[in-house]
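Subject: Structure handover

Hello,

Please find the structure below. My notes on what was found in it follow.

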Amino acid sequence: MTDAHSPITAQKTRSVSRRFSYAFIGILTLILIAFAAVGTVFNIMMIEGELETRLDNVMQLARTSLPAPLNNLDKDMVNTFVETLFLDTSIVYARISRQDQIIAEKIRAGFELKALETSLQPTWFLGAQFIVESSDIQFAENNVGKIQVVVSGERAKKQVLFQIYGIAALIVLIIGAIWIFEARTGQLSQSVEEQKALVEISRVVSSSLNVEAVLTGIVRHAVQLSKTDAGTIYEFDEAEQVFVPLTNYGVDAAFIEALRKSAHGVGDDTVIGRAVIKKAPEQIPDLENVPDYPLPFIKEAGFRAMLAVPLMREDRLFGGLVVRRKEAGWFSKPVEKLLQTFATQSAVALHNAQLFREIKEKSRELEIANKHKSQFLANMSHELRTPLNAILGYTELILDNIYGEVPEKIQDVLERLEKNGRHLLGLINDVLDLSKIEAGQLTLAVNDYSMGEVVQTVITSVEALAAEKKLELKSSVPRDLKVARGDEQRIAQVLLNLLGNAIKFTDRGEVRVEVTVSDETFLVSVADTGPGIPEADQEIIFEEFKQADGSSTREKGGSGLGLSIVKKIVKMHGGRIWVESEPGKGSTFRFTLPVRVDRQRDE
Amino acid sequence: MMKTKILVIEDNEDNLRILRDLLTSAGYEVIEAGTGQAGVTAAETEDPALILMDIQLPDIDGYETTRRIKADPARQAIPVIAVTSYALSGDDVKAFEAGCDAYVTKPFSPRELLAKIREYLP
């Protein structure tokens with residue numbers, strides 16, 4: 001029969017009908033008429049039924065193997081599809097390939113392919129075999145692959161060639177559909193993996209300042225998810241204009257050393273050098289085709305394909321991410337996109353690390369400057385005090401008539417001179433205290449002391465002041481207090497400051513000191529019947545240079561440093577200080593103090 | 001009647017004058033030394049009843065000066081009042097360790113200093 005030798009043009013599935021030559025259609029028509037005459041309608045029915053079953057099988061396979069990653073489909077699933085195709089005895093060869101890579105291939109035993117290896121192009125055969133070929137099936141800009149099936153004309157002799165061709169074409173379509181279906185779900189599961197990796201990476205990027213650890217994580221994920229064999233993240237050294245390998249995955253120490261020594265830069269004919277110029281991903285599908293690649297050791301290490309993505313942020317180059325694969329071939333668009341995401345994360349990590357380094361450097365400078373400032377203040381106030389001591393000393397001697405009787409008029413002026421001098425000294429001392437605390441020079445001299453004695457000493461020293469303003473001064477301290485431990489002088493300073501303030505700001509009524517003890521902690525309170533402190537000011541009065549009310553600063557004097565020093569001393573003892581007050585109802589300053597303080601607390 | 005001798009070891013001229021004026025008017029005889037070394041020598045030759053010791057001195061500091069004076073058994077009993085700087089905490093401890101009997105912190109009030117001296121001198 002001549003029909004077996006009829007030329008059949010191998011068809012692209014998308015254009016099966018269009019590509020049918022008129023001659024073929026003519027012959028086909030003749031054959032159809034001839035076969036119809038001998039009643040092959042039965043055969044057609046039979047084949048259709050078979051096709052349906054086969055379709056079910058294929059769909060079943062697709063369903064049960066989900067959600068398999070793309071690679072599993074590549075191997076196992078495709079082989080199964082091919083097996084399924086082979087249920088049709090007229091099919092003698094099937095091949096599923098992507099780009100130039102064969103994913104699955106099967107030839108029926110006892111058959112020989114004619115010229116198929118050399119010609120993958122659609123062609124026709126005068127022999128007994130026909131090739132049916134799909135075009136590249138695209139999914140999400142990704143080449144899924146294509147299928148070629150060779151049908152034996154001899155085996156199909158008793159059937160209508162059109163039917164055979166139709167079945168093969170349909171199978172190709174189905175496989176294409178499954179491919180897409182599978183690719184979609186594969187991509188889905190892939191993207192779930194990617195999402196997981198990205199979430200993990202962005203968490204690490206934002207939480208960790210250890211840039212190396214972050215980048216190591218990124219390069220590992222990048223290699224694993226892109227199904228490549230190795231990867232490197234380079235940092236771009238702006239001073240030297242070269243890429244420095246920061247972290248690597250899947251390569252040995254010798255390889256890293258070779259990378260480090262190669263010192264390639266922007267615009268060099270390396271994959272990363274080119275990617276950076278393009279500001280886009282760059283691929284080398286097969287190093288075998290690039291005999292003069294600048295880094296020969298990469299090929300020597302067995303790598304064939306490379307993909308590089310520049311690490312950019314706000315148009316600034318931070319480095320590059322390169323993955324390498326031992327298998328040659330193009331990298332798909334999704335892989336490029338994936339790596340770009342990783343590159344963005346890496347750039348963020350590198351940028352963060354740089355900012356962190358800068359901040360660290362700045363804060364170190366600041367710290368030094370601050371130390372200098374405190375040291376300067378400490379020295380300065382010490383220097384200021386020496387002449388002031390002399391002024392105060394002479395004044396006192398004159399007032400005590402050591403240099404002869406002082407006329408009353410001059411005496412009054414001298415008293416004012418002395419008062420102002422003492423105030424100035426107080427200010428200088430406060431500045432000195434504070435700057436010493438800030439410079440970390442104030443250390444507590446911890447010794448045993450008696451709280452009762454401290455209170456008594458302080459009360460004695462302010463009695464005159466209180467009497468001058470006709471204020472009652474009361475104290476309540478339990479008699480049987482245990483021996484306490486702390487810096488007695490500093491604790492007295494705290495109490496003196498609080499009592500001094502209370503007397504200063506109270507014009508009538510009383511000032512009362514009370515000490516109680518519970519849980520190995522003193523609770524000391526200094527209460528007055530003064531004007532009180534508005535709630536809004538109750539926090540800020542403990543800050544430096546702050547008083548509750550600007551007018552009282554002028555009226556009452558003081559540096560505005562006293563309470564901030566008091567607070568620092570209390571804190572150094574591990575205590576806490578606060579104020580309870582209501583305008584018009586007086587103020588109560590309270591502080592806690594561990595009865596036994598053995599170690600100074602840092603702020 | 002012989003006046004009680006007080007040795008003032010102090011290098012600041014104003015402080016020295018204030019102390020001299022204060023102590024002289026209180027009826028003491030003041031012997032002055034501007035350095036630690038001069039102070040050690042004066043303690044030997046003058047045999048003072050009390051020593052006022054500044055801590056910051058140009059040569060050897062007040063602690064060391066005190067140590068050297070107190071090393072001589074004949075001078076061990078002379079009370080030494082250290083004039084410590086307010087600025088440095090822990091000076092009091094160091095002063096006692098060096099053998100000082102008492103200390104006043106700068107800035108001192110002449111009146112208070114006089115009271116302190118009278119605790120040691122009849």
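**Nonpolar cores**

The largest nonpolar core has 44 residues, and A:M451, A:L495, A:L498, A:F522 and A:F591 are the ones that touch the most other members. A nonpolar core here is a set of buried Ala, Val, Leu, Ile, Met, Phe, Trp, Tyr and Cys residues joined through side-chain atoms within 4.5 Å. Buried means under 20% relative accessible area, exposed means over 50%, and partly exposed lies in between (1.4 Å probe, protein chains only). In chain A, the elements giving two or more residues to this core are α11 (408-438), α12 (451-468), α13 (488-505), β14 (510-518), β15 (521-528), α15 (562-572), β16 (577-581) and β17 (587-594). Helices (H or I, at least four residues) and strands (E, at least two) are DSSP runs, numbered from the N terminus.

This is a predicted model: local features need pLDDT of at least 70, side-chain atom pairs count only at pLDDT 80 or more, and totals for chains, interfaces and linings use all residues. Residues are numbered from 1 along each chain as its sequence is written, chains are lettered from A and ligands numbered from 1 in the order in which they are written, and side-chain values use heavy atoms, with hydrogens and water left out.

Take A:F591. Not counting residues up to four places away in sequence, A:F591 touches A:V494, A:L495, A:L498, A:F522, A:L523, A:V524, A:V570, A:R576, A:I577 and A:W578. Contact means heavy atoms within 4.5 Å. There is also a second, separate core of 27 residues, which includes A:V211, A:V223, A:L307 and A:A347. In soluble globular proteins, nonpolar side chains tend to be buried together.

**Chain A overall**

Chain A contains 15 helices and 17 strands. It has 603 residues, of which 46% count as buried. Among its contacts with a separation of 6 or more, 66% come from residues 24 or more positions apart.

**Charged pairs in chain A**

A salt bridge is a side-chain nitrogen of Lys or Arg within 4 Å of a carboxyl oxygen of Asp or Glu. By this rule there are 28 salt bridges over all chains. Side chains of opposite charge can pair when their charged atoms come close.

Start with A:R274. Its side chain meets that of A:D269 in a salt bridge (3.1 Å, N to O). A:D269 is partly exposed at 47% relative accessibility, and A:R274 is partly exposed at 25%. The side chain of A:R274 also makes a polar contact with the side chain of A:E282 (3.0 Å). A polar contact is a pair of N or O atoms within 3.5 Å; within protein, one must be able to donate a hydrogen and the other to accept it, and residues adjacent in sequence count only if both atoms are side-chain atoms.

A:E282 sits in strand β8 of chain A. A:E282 counts as buried, at 12% relative accessibility. Beyond its neighbours within four places in sequence, A:E282 is in contact with A:V271, A:R274, A:A275, A:M306, A:L307 and A:A308.

Next, A:D286 forms a salt bridge with A:R304, with the closest N and O atoms 2.7 Å apart. This pair links distant parts of the chain, 18 residues apart: A:D286 is in the loop between β8 (282-284) and α9 (296-300), and A:R304 is in the loop between α9 and β9 (305-313). A:D286 is buried at 13% relative accessibility, whereas A:R304 is partly exposed at 27%.

**Where chain B meets chain A**

The contact takes 20 residues from chain B and 24 residues from chain A. About 1800 Å² is buried between them, and carbon and sulfur atoms give 51% of that area. Buried area is the accessible area (1.4 Å probe) that two parts lose on being put together, summed over both.

How many salt bridges are there between chain B and chain A? The count is two. B:R111 forms a salt bridge with A:D400, the closest N and O atoms being 2.9 Å apart. On the side of chain B that touches chain A, α1 (13-25) and α5 (110-120) of chain B each supply at least two residues. α1(B) gives the most, with six residues.

Best wishes
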